[in-house]
Amino acid sequence: RASALSLVARAIAPNVAEREPVGAGAEFDASVGAVYAWVQVKNLGEATTISMVWKKNGKPRLTVELPVGRSYGWKTWSKKGISAKDAGAWTVEVLDGDGALVETLAFNVKGPSDVSLK
């Protein structure tokens with residue numbers, strides 16, 4: 001069955017202020033200290049939950065369950081502390097209340113010694 005949820009907007013950012021992402025991007029220096037996965041969810045079904053599964057190099061590192069009410073634009077987010085040891089490729093999988101994948105957000109964390117490998 002198709003999920004009753006969809007993402008209206010999404011962002012990875014080093015801060016959230018007044019329920020909006022601040023400084024959204026796809027690459028962050030580890031010195032920012034934390035990164036937020038922020039989503040605006042359209043949920044026309046009953047109140048439910050979503051899960052955000054933070055993965056580094058495909059391995060789960062943190063799972064956060066968040067409530068989502070019935071709304072055209074429910075804003076919610078989770079936060080992951082980061083440090084130099086967290087340098088690398090990250091994804092955040094947004095799952096609906098049944099565990100079905102809604103969307104995957106991707107970002108990169110640069111460590112202090114990272115130079116462009118391109």
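**View 1. Strand 6 in a predicted model.** Strand 6 spans residues 48-56; seven of its nine residues are buried, so the strand is largely enclosed by the rest of the structure. Buried means under 20% relative accessible area, with a 1.4 Å probe and protein chains only. Strands are DSSP runs of E, at least two residues long, numbered from the N terminus. The model is predicted: local features need pLDDT of at least 70, side-chain atom pairs count only at pLDDT 80 or more, and totals for chains, interfaces and linings use all residues. Residues are numbered from 1 along each chain as its sequence is written.

**View 2. Strand 6 beside strand 7.** Strand 7 covers residues 59-68 and runs antiparallel to strand 6, with nine bridges joining them. Two strands pair if DSSP finds at least two bridges between them. T48 sits opposite V68 of strand 7. Two residues separate the strands in this hairpin, where N57 takes a positive phi near 50 degrees.

**View 3. Strand 6 beside strand 9.** Six bridges link strand 6 to strand 9 (residues 88-95), again antiparallel. Here M52 has V94 as its bridge partner.

**View 4. The chain around these strands.** The chain has zero helices and 10 strands. Its radius of gyration is 15 Å, close to the 13 Å that the globule rule gives for 118 residues, so the chain is as compact as a globular protein of that length. The radius is taken over C-alpha atoms; the rule is 2.2 Å times the number of residues to the power 0.38. Of the 118 residues, 38% are buried.

Technical notes
Heavy atoms only, no water. Helix = DSSP H or I, 4+ residues; strand = E, 2+ residues; numbered from the N terminus. Buried < 20%, exposed > 50% of the residue type's maximum accessible area, 1.4 Å probe, protein only.
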